[in-house]
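User: Please take a close look at one part of this protein for me. Then set that part beside the rest of the fold.

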Amino acid sequence: MSAAAVEHPCDGEPESQLDVANRLMEQHPGYRVEIIGGVITVAPPPDGPHARALTKLMRPFIAAGLDDGETEVLQGIGLWLPGGPEDYVIPDLSLVDADFDDHMLENNCYDPAVFRLVVEVTSSNYNNDLRAKVTAYAEAKIPVYVIVDRKHGRVHVLTEPLADGYDSHQVYAPGQQVTLPASIGAEVTLDVADLLKAGQHRK
């Protein structure tokens with residue numbers, strides 16, 4: 001993910017960051033545009049293995065009954081961040097309260113209070129997922145942040161959000177199983193090797 005260099009129009013008031021971000025999305029269909037810490041970032045559409053890893057990730061949540069009842073499992077839903085006046089992110093995968101529709105704030109983004117868990121599957125923007133988004137999600141008090149780190153072959157599980165990060169940061173390698181906190185609403189176990197294999201190009 002790269003910071004976007006954007007020129008303001010010559011006439012009238014300067015565009016807000018939100019206006020610029022929305023214009024970039026219109027100009028680059030399929031790209032993911034976010035504002036984190038006051039910086040606009042633009043990421044190209046993810047590759048097929050990224051999508052396959054997300055599908056693999058969704059299955060245990062759905063099997064545990066988390067997509068039918070008090071919660072829903074969703075891809076690409078906007079999360080409004082409290083860290084800046086126009087900050088927002090679009091997690092790859094989210095577990096949200098079923099009444100999330102009642103909690104839209106701005107720009108098709110929702111109150112972080114309805115998010116029980118967010119997941120990022122790394123692409124070329126892996127440093128953003130491993131650094132900037134850690135701070136952003138912690139500030140938003142997202143209880144569980146999972147990173148499928150395709151670059152380094154690991155899965156990170158961050159819990160217990162603080163003001164500028166997470167108090168607990170567990171790292172799992174292939175061959176290990178990840179049991180997510182019961183606070184998400186059901187027992188969900190992820191197989192690290194399966195997730196990482198799904199996220200790789202097949203030869």
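Which residues of helix 1 (residues 17-27) are buried?

Analyst: This is a predicted model. Its mean pLDDT is 92, and 94% of the residues reach 70 or more. Residues 1-10 are an exception to keep in mind: their pLDDT is below 50. Beyond near neighbours in sequence, that stretch has 24 contacts in the model.

Now the helix. Leu18, Val20, Ala21 and Leu24 are buried in helix 1. Viewed down the helix axis, the buried residues fall within an arc of 160°, so they line one face of helix 1. What do they pack against? The partners of these buried residues are strand 2 (32-36), strand 3 (39-43), strand 5 (78-80) and strand 6 (88-89).

Next, the nonpolar cores. The largest one has 28 residues. Within it, Leu57, Phe61, Leu117, Leu180 and Ile184 touch the most other members. Two or more residues each come from helix 2 (48-63), strand 7 (93-97), strand 9 (115-121), strand 10 (144-149), strand 11 (154-161) and helix 4 (192-198). Helix 2 gives the largest share of this core, 5 residues.

Leu117 deserves a look of its own. Leaving out residues up to four places away in sequence, Leu117 touches Phe61, Leu93, Ser94, Leu95, Ile142, Val144, Val146, Leu180 and Ile184.

Note on methods: Residues are numbered from 1 along each chain as its sequence is written. This is a predicted model: local features need pLDDT of at least 70, side-chain atom pairs count only at pLDDT 80 or more; totals for chains, interfaces and linings use all residues. Side-chain values use heavy atoms; hydrogens and water are left out. A nonpolar core is a set of buried Ala, Val, Leu, Ile, Met, Phe, Trp, Tyr and Cys residues joined through side-chain atoms within 4.5 Å. Buried means under 20% relative accessible area, exposed over 50%, partly exposed in between (1.4 Å probe, protein chains only). Helices (H or I, at least four residues) and strands (E, at least two) are DSSP runs, numbered from the N terminus. Contact means heavy atoms within 4.5 Å. pLDDT is the predictor's confidence in each residue, from 0 to 100. The arc is that of the directions from the helix axis to the C-beta atoms.
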